[in-house]
Amino acid sequence: MAVEPVKNAMTVDVEDFYQVSAFEQFIPAECWETYPQRVHLGLMRILDTMERRQVRGTYFILGWVAEHFPELVREIANRGHEIGFHSRSHQLIYNMTPEDFREDIHRGKALLEEVAGREVRAFRAPSFSITEKSLWALDILAEEGFLYDSSIFPIHHDRYGIPNANIHIHALETVHGEVREFPPAVVRKFGQNLPVSGGGYFRLYPYWLTRRWLRQINRERPFVFYIHPWELDPEQPRLPFGSRATQFRHRVGLRKNAKKLDCLLRDFSFGPLSEVIDQNI
């Protein structure tokens, strides 16, 4: 009897190339409208690839994007994907006050629900910025009606991560109820957790290595994968900011990423975040 493949969570963080945290000190949100608006280019490539591979996923959308391009939110919803929230303007949560964070997600969630015409219950923090300094955000998420989260990355990183965090899907109890957490995937190598979930790691690693590690994870548990529209837009303008390391992180592997994504969707089984969590908790 054939064994059903493990179903993993496919997620997309819907933001443009100039909205990433690496450039936030050079490009404040009030200047975003002055940059070329390219989010639709990579987004449509991802949507079309997922449709061809018959994959549904979860799209974590910036409130700014929903406000300026509501037609993109409706396109995502009309294609049968889950709508999640990615904050209004990509501020790192540990740099916000709890009051500002509550207002951010309250207003952004309402906007997304109005545009998409459906309830929004899944959240991902900008740059995985729920860390030990901002665990208070989970209480506010539950209070504002979010049930699913994928923000706690169990790694060491200069911007995010809780290295000793639970690597499995699990429920977190807050004073306002339960939040179901699906951490980005890691493999245990060289005595530490190595990230293998997507983003720059997916662009950097050769595909054969990503596939090997993800198959290793699937022998034990599902994984969550993430990607951004700008990662399928190799023609994006080169921003003249940041260190060489920042530039490398942002641009490595852009031209090969579309093919890699197609291979990933061919080689693994995927579904929306909430669906995978509910099947495994």
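## The largest pocket

How many nonpolar, polar and charged residues are in the lining of the largest pocket? The lining has eleven nonpolar residues, ten polar ones and seven charged ones. Keep in mind as you explore that this is a predicted model.

How do we find such places at all? Rolling a probe the size of a water molecule over the atoms shows where empty space is left. In the largest pocket, that space comes to about 630 Å³. A total of 28 residues line the largest pocket, and the closest to its centre are H157, R159, Y160, G200 and R249. Two elements, α6 (199–204) and α8 (244–251), each give two or more residues to this lining. Helix α6 gives the most, with five residues.

## The second largest pocket

Now let's visit another pocket. The second largest pocket holds about 180 Å³ of space. You can find its lining residues in the structure: Q19, V20, E24, I27, P28, A29, W32, S89, H90, Q91, L92 and N95. Sorted by class, six of them are nonpolar, five are polar and one is charged.

## A look at N218

Let's finish with a single residue. N218 sits in helix α7, which covers residues 207–218. Is N218 buried or exposed? Its relative accessible area is 15%, and because buried means under 20%, N218 counts as buried.

Which residues does N218 touch, leaving out those up to four places away in sequence? They are V6, N8, F223 and F268. With N8 there is also a polar contact: the side chains of N218 and N8 are joined at 2.7 Å.

Methods: Residues are numbered from 1 along each chain as its sequence is written. This is a predicted model: local features need pLDDT of at least 70, side-chain atom pairs count only at pLDDT 80 or more; totals for chains, interfaces and linings use all residues. Side-chain values use heavy atoms; hydrogens and water are left out. Helices (H or I, at least four residues) and strands (E, at least two) are DSSP runs, numbered from the N terminus. Buried means under 20% relative accessible area, exposed over 50%, partly exposed in between (1.4 Å probe, protein chains only). A polar contact is a pair of N or O atoms within 3.5 Å; within protein, one must be able to donate a hydrogen and the other to accept it, and residues adjacent in sequence count only if both atoms are side-chain atoms. Contact means heavy atoms within 4.5 Å. On a 1 Å grid over the protein atoms alone, a cavity is a set of points where a 1.4 Å probe fits but cannot get out, and a pocket is an open set with protein on both sides within 12 Å along at least five of seven lines; lining residues have an atom within 4 Å of a point. Grid points are joined across faces, edges and corners, and a volume is the space filled by probe spheres set on the points. Ala, Val, Leu, Ile, Met, Phe, Trp, Tyr, Cys and Pro count as nonpolar, Asp, Glu, Lys and Arg as charged, and the others, Gly among them, as polar.
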